[in-house]
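Me: I am new to this structure and would like to go through its salt bridges and strands. Please start with the terms.

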Amino acid sequence: AHSYTKYNTWSEIEAWADTISSSNPSLLSKQIIGNTYEGRSMVLLKVGKSSASPKPAIFIDCGIHAREWISPAFCQWFVNEAVTTYGSDSAMTSLLNDMDVYVLPVFNIDGYVFTHTNDRMWRKTRSRNSGSSCMGTDPNRNFDAGWCTIGASSNPCSETFCGSTPESEIESKNVANFIRNNKSTIKAYLTIHSYSQLLLFPYSYTYGLAADHSELLKVAEGASAALTSLYGTRYTSGPGAATIYPAAGGSDDWAYDLGVKYSYTFELRDTGYYGFLLPESQIKPTCEETMLAVKYIAAHVQKNL
Ligand code: 0X9
Ligand code: ZN
Ligand code: ZN
């Protein structure tokens with residue numbers, strides 16, 4: 001059965017998305033943005049008070065990398081916090097009155113399923129590569145942002161294989177199409193990964209600084225401070241290339257260059273003791289502290305609409 005404090009399977013998440021959206025029709029709606037390589041439906045939840053006119057929005061995705069299980073757990077937590085605190089928490093109420101939040105609970109569903117059934121440490125998609133017996137592409141090297149120029153591999157057997165072309169993966173294409181189609185409303189793009197306790201922003205495909213570098217840094221530092229205030233978890237913020245490593249083809253850089261100014265990558269707990277195998281006992285504290293950072297960024301975006 002589904003629980004917010006365990007790592008749910010894809011079938012539990014899919015059923016949860018149905019239940020929570022039917023139980024909260026005034027705040028939640030569900031749509032399918034396309035299918036995965038193996039034919040699963042990519043479920044997207046729109047969280048926000050219904051309104052006659054289109055609202056500005058924040059897009060959040062989780063589970064780009066299959067083995068980073070704390071990430072989908074956070075997206076589920078966020079949706080639940082939104083529906084349970086709307087009407088009592090003033091920041092959440094104001095946010096959902098003024099904006100919509102699109103939440104993609106699992107981006108790389110085929111990979112996520114594979115980590116439950118075959119290989120807990122799988123990272124990539126599960127597509128076939130012509131001329132190779134190695135499977136999958138790194139979805140976070142598959143976006144059209146300096147594609148495959150640095151920190152990515154053209155070898156299908158690599159964990160950072162960039163794919164045969166930008167958006168060669170149907171999952172990347174579906175997400176990119178959704179964001180392109182809603183470009184005029186999407187004001188922020190947040191993508192949730194693990195691990196390392198970092199809050200990254202563009203660029204990662206170059207050491208050059210983003211045009212909005214100083215604002216992005218200031219907001220990241222405020223968000224990190226909010227996160228730390230709960231349990232003392234320490235985060236480092238900065239541009240991807242200098243803070244973690246240069247790596248092209250990421251969704252954050254792509255969204256930023258499309259015009260989504262507030263583009264951030266979270267690397268959640270921990271710093272490597274458990275790594276990708278973060279115990280379920282850490283789901284609640286990790287999600288609660290991350291909520292504070294996400295709400296800090298959201299409030300800044302809302303204030304600057
Ligand atoms: O390498 C990645 O894709 C991310 N780290 S992870 O350990 N979750 O794989 C960092 C992504 C930072 N942004 C870009 N490289 N664009
Ligand atoms: Zn990742
Ligand atoms: Zn809470």
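Reply: A salt bridge is a side-chain nitrogen of Lys or Arg within 4 Å of a carboxyl oxygen of Asp or Glu. This is a predicted model, in which local features need pLDDT of at least 70 and side-chain atom pairs pLDDT 80 or more, while totals for chains, interfaces and linings use all residues. Residues are numbered from 1 along each chain, and side-chain values use heavy atoms, without hydrogens and water.

Me: How many salt bridges are there in the whole structure?

Reply: The search finds 14 salt bridges. One of them pairs Asp18 with Lys30, with the closest N and O atoms 2.6 Å apart. Asp18 lies in helix H1 (residues 10-23) and Lys30 in strand E1 (residues 28-35); helices (H or I, at least four residues) and strands (E, at least two) are DSSP runs, numbered from the N terminus.

Me: Now the strands: which way do E6 and E7 run?

Reply: Strands E6 (residues 198-201) and E7 (residues 236-239) run parallel, joined by four bridges; two strands pair if DSSP finds at least two bridges between them. Leu198 has Thr236 as its bridge partner in E7.

Me: What does the chain pass through from E6 to E7?

Reply: The chain passes through helix H6 (residues 213-231), in a right-handed β-α-β crossover. Right-handed means that, with the strands pointing away from the viewer, the path from the first strand over the helix to the second runs clockwise.

Methods:
Chains lettered and ligands numbered in written order.
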